[in-house]
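Welcome to this short briefing. Please have a look at the chain below, and then we will walk through it topic by topic.

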Amino acid sequence: MTDRNQAKESPEKKAAGIYAASLVKDGDAVGLGTGSTVAYTIKELGRRVREENLNIVGVVTSYQSEMIAIDAGVPLTSLAETPRLNIAIDGADQFDENLFAIKGGGAAHTREKIVSMSADRFVVVSDPAKKAKTLSVFVPIEVMPFGRALVMQSLKDIGGDPTLRAAAKKDGPVITDNGNFVVDCTFGEIKDPKELAAKISQIPGVVEHGIFMNVDEVVIGNADGTVEIIKL
Ligand SMILES: O=C(CO)[C@H](O)[C@H](O)COP(=O)(O)O
């Protein structure tokens, strides 16, 4: 499968991803996020299952993480069967000093939010470039196709600059794993992520936005293999 994560190896992402796998304990139910950083975590968990007899079950957030987990040999379950998770691990597109984060670069943020909110501990894995004083990258917003015109106009009304995300290898829009569109909306510097999140959530047709306010800690990987942990 070709995808945005076929980019070259990143030692920073690898360091963060592999370290985060060491936070998983025997018997844990683990939320498995989506993206190139957490892919290292999923593969390392597979190694621990094979080589250390680690006994875990994973809940995936996308078809992509499902395929990686199956390849790696991580046993899977569903939130329906295992509604409460011990830990969820996932990447992010940007995070700030208060550990507010923006996610959804891979259009998986709706399931990622559900899975992370189902976990006792939510750990973000990142490279150093995603740390910011103030959030400023575009906010991915999953949108019901039927409601897209109202959502686009409403996002402009609250000061956003929305763009329907186009698919890379298909004519037309990205379709999420849930059958919806994704609107990427720029708001400049986001001074109050909580307030913006509430405004976006009120728009009919919005399924979920990519502002996350439930991150417990961030693991930042460095090129030399070391990690920095940020907790509030
Ligand atoms: O939110 C996400 C997917 O929807 C990813 O976690 C986020 O885009 C980070 O990806 P990567 O680890 O590849 O940089």
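This is a predicted model: local features need pLDDT of at least 70, side-chain atom pairs count only at pLDDT 80 or more; totals for chains, interfaces and linings use all residues.

**Two residues with positive phi**

- Leu 99 sits in the loop that runs between strand 4 (94-95) and strand 5 (101-102).
- Ala 107 is another residue other than glycine with a positive phi, here near 65°.
- You will find Ala 107 in the loop between strand 5 and helix 4.
- Is Ala 107 buried or exposed? Ala 107 is buried, because 26 other C-beta atoms lie within 10 Å.

**The chain as a whole**

- The chain holds 6 helices and 13 strands.
- For 232 residues, a compact globule would have a radius of gyration near 17 Å, and the chain agrees with this because its own value is 17 Å.
- Along the principal axes, the C-alpha atoms fill a box of roughly 55 × 35 × 35 Å.
- Of the 232 residues in the chain, 48% are buried.
- Looking at contacts between residues at least 6 apart in sequence, 76% join residues at least 24 apart.

- The domain assignment gives domain 1 (11-129 + 213-224), which is built from two stretches of sequence, and domain 2 (139-207).
- Taken over C-alpha atoms, the centres of domain 1 and domain 2 are separated by 24 Å.
- Where the domains touch, 12 residues come from domain 1 and 13 residues from domain 2.
- Which element gives the most to the side of domain 1 that touches domain 2? That element is helix 4, with 3 residues.
- On this side of domain 1, the residues divide into 6 nonpolar, 5 polar and 1 charged.

**Helix 4 and Glu 112**

- Helix 4 is mostly covered, with 7 of its 9 residues buried.
- The buried residues of helix 4 are His 109, Thr 110, Arg 111, Glu 112, Lys 113, Val 115 and Ser 116.
- The UniProt record, an unreviewed entry, lists Glu 112 under "active site".
- Glu 112 belongs to helix 4, which spans residues 109-117.
- Glu 112 counts as buried because it has 30 C-beta neighbours inside 10 Å.
- Leaving aside residues up to four places away in sequence, Glu 112 touches Gly 33, Thr 34, Thr 61, Asp 90 and Lys 103.

**Around the ligand**

- The ligand is surrounded by 18 residues, and the closest are Gly 35, Thr 37, Gly 91, Gly 105 and Gly 106.
- Which helices each supply at least two residues of the shell around the ligand? They are helix 2 (36-52) and helix 4.
- Sorted by class, this shell has 3 nonpolar, 11 polar and 4 charged residues.

**Helix 1 and Ala 16**

- Helix 1 (residues 11-21) is mostly covered too, as 10 of its 11 residues are buried.
- Among the buried residues of helix 1 are Glu 12, Lys 13 and Lys 14, along with Ile 18 and Tyr 19.
- What do the buried residues of helix 1 pack against? Their partners are helix 2, strand 3 (87-90), strand 6 (122-126), strand 12 (217-221) and strand 13 (227-231).
- Not counting residues up to four places away in sequence, Ala 16 touches Thr 37, Val 125, Ser 126, Asp 127, Val 219, Ile 220, Gly 221 and Val 227.
- One of these contacts of Ala 16, Thr 37, is also listed among the residues closest to the ligand.
- The C-alpha atoms of Ala 16 and Met 117 are separated by 21 Å, and the two residues are 101 residues apart along the chain.

How values were computed: Residues are numbered from 1 along each chain as its sequence is written. UniProt positions are given in the numbering used here, feature names are shortened, and annotations may be inferred rather than shown by experiment. Helices (H or I, at least four residues) and strands (E, at least two) are DSSP runs, numbered from the N terminus. A residue is buried if 20 or more other C-beta atoms lie within 10 Å of its own, exposed if 12 or fewer, and partly exposed in between; C-beta atoms are placed from the backbone. Two residues are in contact if their C-beta atoms, placed from the backbone, lie within 7 Å. A residue is near a molecule or strand if its C-beta atom, placed from the backbone, lies within 6 Å of it. Ala, Val, Leu, Ile, Met, Phe, Trp, Tyr, Cys and Pro count as nonpolar, Asp, Glu, Lys and Arg as charged, and the others, Gly among them, as polar. The radius of gyration is taken over C-alpha atoms; the globule rule is 2.2 Å times the number of residues to the power 0.38. Domain bounds come from an automatic or database domain assignment.
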